[in-house]
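Please look over the sequence and the model below before reading on. The paragraphs after them lead through part of the fold step by step.

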Amino acid sequence: MNRHIGLFGGTFNPPHIGHLLIAQEALTQLHLDEVWWMPSSTPPHKEKDNEVSDMQRIEMVQKAIGNNEQFSLSLLEFERSGPSYTIDTIRLLKEKHPQENFTFIMGGDMVHSLSSWHKIEELKDLIDFAGVGRAGYAVDHHWERYRVKHVEVPIIEISSSFIRNRSRAGHNIRYYVSDEVWNHIKENHLYGTN
């Protein structure tokens with residue numbers, strides 16, 4: 001039987017409670033069998049932060065999702081070289097898992113940029129898209145054009161960059177991330193923690 005898998009990509013630097021909520025709500029509302037978390041290796045649209053290694057980001061994702069049996073970690077983006085274009089990742093996934101149906105989970109801000117994605121017309125024929133509403137990004141013609149399913153998630157205005165900056169400024173980040181991630185950040189002195 002074909003399974004329905006949600007793909008949740010990002011730098012996850014660090015993974016936070018907003019990410020966990022998005023993945024869980026997508027799992028529930030889209031009736032997914034699993035959500036595969038896919039930390040990006042070299043995202044083409046972001047500068048790389050050399051303060052935290054790829055391995056540390058991967059370890060933080062493992063800590064964040066470890067107690068949910070429907071969440072798993074995919075390191076596909078690290079198994080190949082070059083920029084992480086979504087179309088290349090999806091082609092590889094389809095090769096490795098021809099029986100699975102995939103839905104790519106993204107924030108509302110990403111839905112509005114879909115028209116600029118590399119080979120988007122080909123990509124939209126390979127997978128489904130699901131979008132999570134974000135403040136300032138209404139569900140509009142972008143959602144219709146790419147047949148993006150809407151996932152309702154309580155809006156929590158936090159981001160990984162907010163958490164990094166807060167931590168570097170010496171402020172507590174507990175409860176912005178899971179306890180497991182918080183302990184990992186403290187033990188490894190990440191983001192300026194002592």
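This is a predicted model: local features need pLDDT of at least 70, side-chain atom pairs count only at pLDDT 80 or more; totals for chains, interfaces and linings use all residues.

What follows begins with a strand and its partners, continues into a helix, and ends with some backbone angles.

Which strands pair with strand 1? One is strand 4, residues 101–107, which runs parallel to strand 1 and is joined to it by five bridges. Another is strand 2, residues 34–39, where the pairing is again in the parallel sense and extends over six bridges.

In the loop between strand 1 and helix 1 lies proline 14, and the peptide bond that joins asparagine 13 to proline 14 is cis, with omega about 0°. Most peptide bonds are trans.

Helix 1 itself can be checked against a simple expectation: its 13 residues, at 1.5 Å a residue, should span 18 Å, and because its end C-alpha atoms are 18 Å apart, the model agrees with that value. The buried residues of helix 1 include Gly18, His19, Ile22, Ala23 and Ala26, together with Leu20 and Leu27. An α-helix has 3.6 residues a turn, so residues three or four places apart point the same way. With that in mind, the reader can follow Gly18, Ile22 and Ala26 along the helix, or His19, Ala23 and Leu27, each of them buried.

The remaining points concern the backbone angle phi. Most residues other than glycine have a negative phi. Just after helix 1, however, histidine 31 takes a positive phi of about 55°. Arginine 147, in the loop between helix 6 (141–145) and strand 6 (148–151), likewise has a positive phi, near 50°, and this arginine is exposed, with a relative accessible area of 51%. Tyrosine 175 has a positive phi of about 75° although it is not a glycine; this tyrosine is placed in the loop between helix 7 (160–168) and helix 8 (179–187). Is tyrosine 175 buried or exposed? Its relative accessible area is 58%, and tyrosine 175 is therefore exposed, as the cut-off for that term is over 50%.

Conventions: Residues are numbered from 1 along each chain as its sequence is written. Side-chain values use heavy atoms; hydrogens and water are left out. Two strands pair if DSSP finds at least two bridges between them. Helices (H or I, at least four residues) and strands (E, at least two) are DSSP runs, numbered from the N terminus. The expected span of a helix is 1.5 Å times one less than its number of residues. Buried means under 20% relative accessible area, exposed over 50%, partly exposed in between (1.4 Å probe, protein chains only).
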